[in-house]
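Please read the following report with the structure open beside it, and look up each residue as it is named.

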Amino acid sequence: MKNILILIFLITNLGFNSQVFSQSLQERVIGKWQLVQTSGGITGRGFPIKKKIVIEFTPECRFNRYENDSLKSTRTYHLTKSKARYSGQGYKDILDIGKGESFNNSIRINKNQLILAHEVADGFIKIYNKTSAKKEIEAE
């Protein structure tokens with residue numbers, strides 16, 4: 001009986017901790033992010049950014065993509081954890097956008113920088129900087 005109670009406690013505690021982590025990541029991803037760098041593919045080289053690309057995550061789990069200040073797509077998104085695909089050790093935070101996406105993206109946020117990477121061997125890495133509301137107001 002004591003073992004069962006300990007097991008229930010551990011399962012409950014682990015579930016709570018992962019939920020808190022997801023909420024923290026969810027809170028940090030909310031807002032608009034402008035693409036500043038992209039690289040990857042077979043060559044792994046960087047590519048010039050020819051358009052102003054901004055992505056937006058809303059608290060209602062909506063993902064909006066803008067090109068040159070024009071809304072191009074709206075989808076839903078959700079954040080999950082998944083086992084690291086290549087090392088087989090540890091877990092990564094995964095961003096899943098919409099239904100039928102061919103690739104999930106691992107997601108990492110460092111201060112005001114968002115890094116999305118396709119979870120395939122020769123996938124692309126995209127780096128975004130958080131846009132501030134002040135800059136958007138001044139631009140208008």
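Leaving aside its neighbours within four places in sequence, Phe 57 is in contact (heavy atoms within 4.5 Å) with Val 29, Ile 30, Gly 31, Trp 33, Arg 62, Phe 63, Tyr 77, Leu 95 and Leu 114. This is a predicted model, in which local features need pLDDT of at least 70 and side-chain atom pairs count only at pLDDT 80 or more, while totals for chains, interfaces and linings use all residues. Residues are numbered from 1 along each chain as its sequence is written, and side-chain values use heavy atoms, with hydrogens and water left out.

Phe 57 also belongs to the largest nonpolar core, which has 17 residues, and together with Val 29 and Leu 114 it touches the most other members. A nonpolar core is a set of buried Ala, Val, Leu, Ile, Met, Phe, Trp, Tyr and Cys residues joined through side-chain atoms within 4.5 Å; buried means under 20% relative accessible area, exposed means over 50%, and partly exposed lies in between, with a 1.4 Å probe and protein chains only. At least two residues of this core are supplied by each of α1 (2-29), β1, β2, β4 (70-83), β5 (91-97), β6 and β7, and the largest share, 3 residues, comes from β2. Helices (H or I, at least four residues) and strands (E, at least two) are DSSP runs, numbered from the N terminus.

Which strand is joined to β6 by 6 bridges? Strand β6 (residues 105-110) runs antiparallel to strand β7 (residues 113-118), and two strands pair if DSSP finds at least two bridges between them. Within this pairing, Ser 106 has Ala 117 of β7 as its bridge partner. The hairpin of β6 and β7 has 2 residues between the strands, and in this hairpin Lys 111 takes a positive phi near 55 degrees.

Strand β7 is also joined by 5 bridges to strand β8 (residues 124-130), and these two strands run antiparallel. Ala 117, the partner of Ser 106, stands opposite Ile 125 in β8. In a regular strand the side chains alternate between the two faces of the sheet.

## Aromatic rings

Rings of Phe, Tyr and Trp (its six-membered ring) pair if their centres lie within 6.5 Å, and planes under 30 degrees apart count as stacked, over 60 as edge-to-face and the rest as tilted. By this rule the count comes to 3 aromatic pairs. One of them is the tilted pair of Phe 47 and Phe 124, with 5.8 Å from centre to centre and 50 degrees between the planes. This pair links distant parts of the chain, since Phe 47 is in the loop between β1 (31-40) and β2 (53-57) while Phe 124 is in strand β8, 77 residues apart.

Thr 38, in strand β1, is buried at 11% relative accessibility. Not counting residues up to four places away in sequence, Thr 38 touches Arg 45, Gly 46, Phe 47, Ile 49, Phe 124, Ile 125 and Lys 126, a list that includes both members of the tilted pair. Elsewhere, Phe 57, Phe 63 and Tyr 77 form one aromatic cluster.

## Salt bridges

How many salt bridges does a search of the whole structure find? There are 4, where a salt bridge is a side-chain nitrogen of Lys or Arg within 4 Å of a carboxyl oxygen of Asp or Glu. In one of them, the closest N and O atoms of Lys 51 and Glu 67 are 3.1 Å apart; Lys 51 is in the loop between β1 and β2 and Glu 67 in strand β3 (residues 62-67), 16 residues apart. Lys 51 is partly exposed at 44%, whereas Glu 67 is buried at 17%.

Asp 69 forms a salt bridge with Lys 52, the closest N and O atoms being 3.0 Å apart. Asp 69 lies in the loop between β3 and β4 and Lys 52 in the loop between β1 and β2, so the pair ties together parts that are 17 residues apart in sequence. Asp 69 is exposed at 60%, and Lys 52 is partly exposed at 34%.
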